[in-house]
Amino acid sequence: MSLLLSSMTENVGLITLNRPSALNALSEKLVKELLQALNEFDSNPEVGAIVLTGEGKAFSAGADIKELNDLTFVNAYMCKFLQNLNDGIAAIRKPILAAVNGYAASILLGGGCELAMMCDLIYAGETAKFGQPEVKIGTIPGAGGTQRLIKAIGKAKAMEMILTGDFITAQDAEKAGLVAKVYPVDKLIPEAIEIGKRIACLSTPVIVMAKEAVNQAEEMSLKNGLLFESRLYHATFGLNDRKEGMTAFLQKRKAQWSNS
Ligand code: HXC
């Protein structure tokens, strides 16, 4: 039985982690299915953006502790599950919007908070809570928590969350810059899909270049990042959609994107 649901709303792919009885804990099977669903949407020309959410009260309570419990050092070290999740999501070209309902409690093997941070944008329901509670079960974040959280909210707040395991609210996560916007719980998914549609209605190659350039800011020095950005900016001049966008603006009409 599949552990996730996958559907399309116009040009937006919607993936719902569907293991609510275990708060969408990220088992190895669920991660494999997630990567497969993301790749299917990524290669579908009808899809311009992907929304990822969780069924029930949790986006994801993190890695499946039952699967982790009996791991030895060697098992954990040799297991590619975590690397596959990080690399697999990084390889998705189209924007992924995490719509975080309920808790997003992150744990070692690609936990919920870490999974959300691998996405390009995070929207949260007003009751969502974010945490890195690994220290409470004798380990530390292992899917980017110590690295991405610092970049998202700064060392002071990230260190406090990681050392205490305390949760922060969606509102605090928004103030700190982890979350783009907080919505009432019942509006979260429709709003995330609406934003996904607005992104998907633009030129896909332009959106993919913009995402790639922004993501490079976390990897590169400012000098190299500026060079990377300007090369992609120059590359947009090879697109029909760049010509169409500027021409449409000058002719005061709506652009007709051809994704070319
Ligand atoms: C497997 C999980 C799970 C997880 C919850 N469940 N989280 N199963 N892996 N990560 C299961 C519970 O065992 C329970 O199953 C069911 O989901 C409902 O969970 P409850 O605890 O009863 O719900 P609630 O009281 O609402 O508490 C919600 C919660 C809590 C605060 C999110 O579930 C929780 O603390 N979960 C663990 C999340 C967490 O701490 N993650 C980070 C830990 S650090 P049954 O069958 O009993 O109904 C970490 C690091 C791992 O995990 C590092 C490994 C190397």
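I'll start with a contact between two helices: Glu28, Val31, Leu35 and Leu38 in H1 meet Phe81, Asn84, Leu85, Gly88 and Ile89 in H4. Sorted by class, this contact of H1 with H4 has six nonpolar, two polar and one charged residues. Keep in mind that the model is predicted.

How do we describe such a pair? Two packed helices are described by the angle between their axes and the distance between the axes. Here, helix H1 covers residues 28-42 and helix H4 covers residues 81-90; their axes come within 10 Å and cross at roughly 20°. Angles under 35 degrees count as roughly parallel, so H1 and H4 are roughly parallel to each other. The crossing of H1 and H4 is left-handed.

Next, the domains. The protein chain is divided into domain 1, residues 4-200, and domain 2, residues 204-250. Between the C-alpha centres of domain 1 and domain 2 there are 26 Å. Seven residues from domain 1 and five residues from domain 2 make up the contact. On the domain 1 side, the residues touching domain 2 are two nonpolar, one polar and four charged.

Last, two backbone angles. Most residues other than glycine have a negative phi. Glu10 has a positive phi, near 50°. Glu10 sits in the loop between strand S1 (4-9) and strand S2 (12-17). Is Glu10 buried or exposed? Glu10 counts as exposed, because it has 12 C-beta neighbours inside 10 Å.

Asn259 also is not a glycine, and its phi is positive, about 55°. Asn259 lies in the segment after helix H12 (240-250). With 15 C-beta neighbours inside 10 Å, Asn259 counts as partly exposed.

Notes: Residues are numbered from 1 along each chain as its sequence is written. This is a predicted model: local features need pLDDT of at least 70, side-chain atom pairs count only at pLDDT 80 or more; totals for chains, interfaces and linings use all residues. Domain bounds come from an automatic or database domain assignment. Ala, Val, Leu, Ile, Met, Phe, Trp, Tyr, Cys and Pro count as nonpolar, Asp, Glu, Lys and Arg as charged, and the others, Gly among them, as polar. Axes are lines fitted to C-alpha atoms, for helices over the stretch in contact, and angles run from 0 to 180 degrees between N-to-C directions. Helices (H or I, at least four residues) and strands (E, at least two) are DSSP runs, numbered from the N terminus. Angles under 35 degrees count as roughly parallel, over 145 as roughly antiparallel, 65 to 115 as roughly perpendicular and the rest as oblique. A crossing is left-handed if the near helix is turned anticlockwise from the far one by less than a right angle, and right-handed if clockwise. A residue is buried if 20 or more other C-beta atoms lie within 10 Å of its own, exposed if 12 or fewer, and partly exposed in between; C-beta atoms are placed from the backbone.
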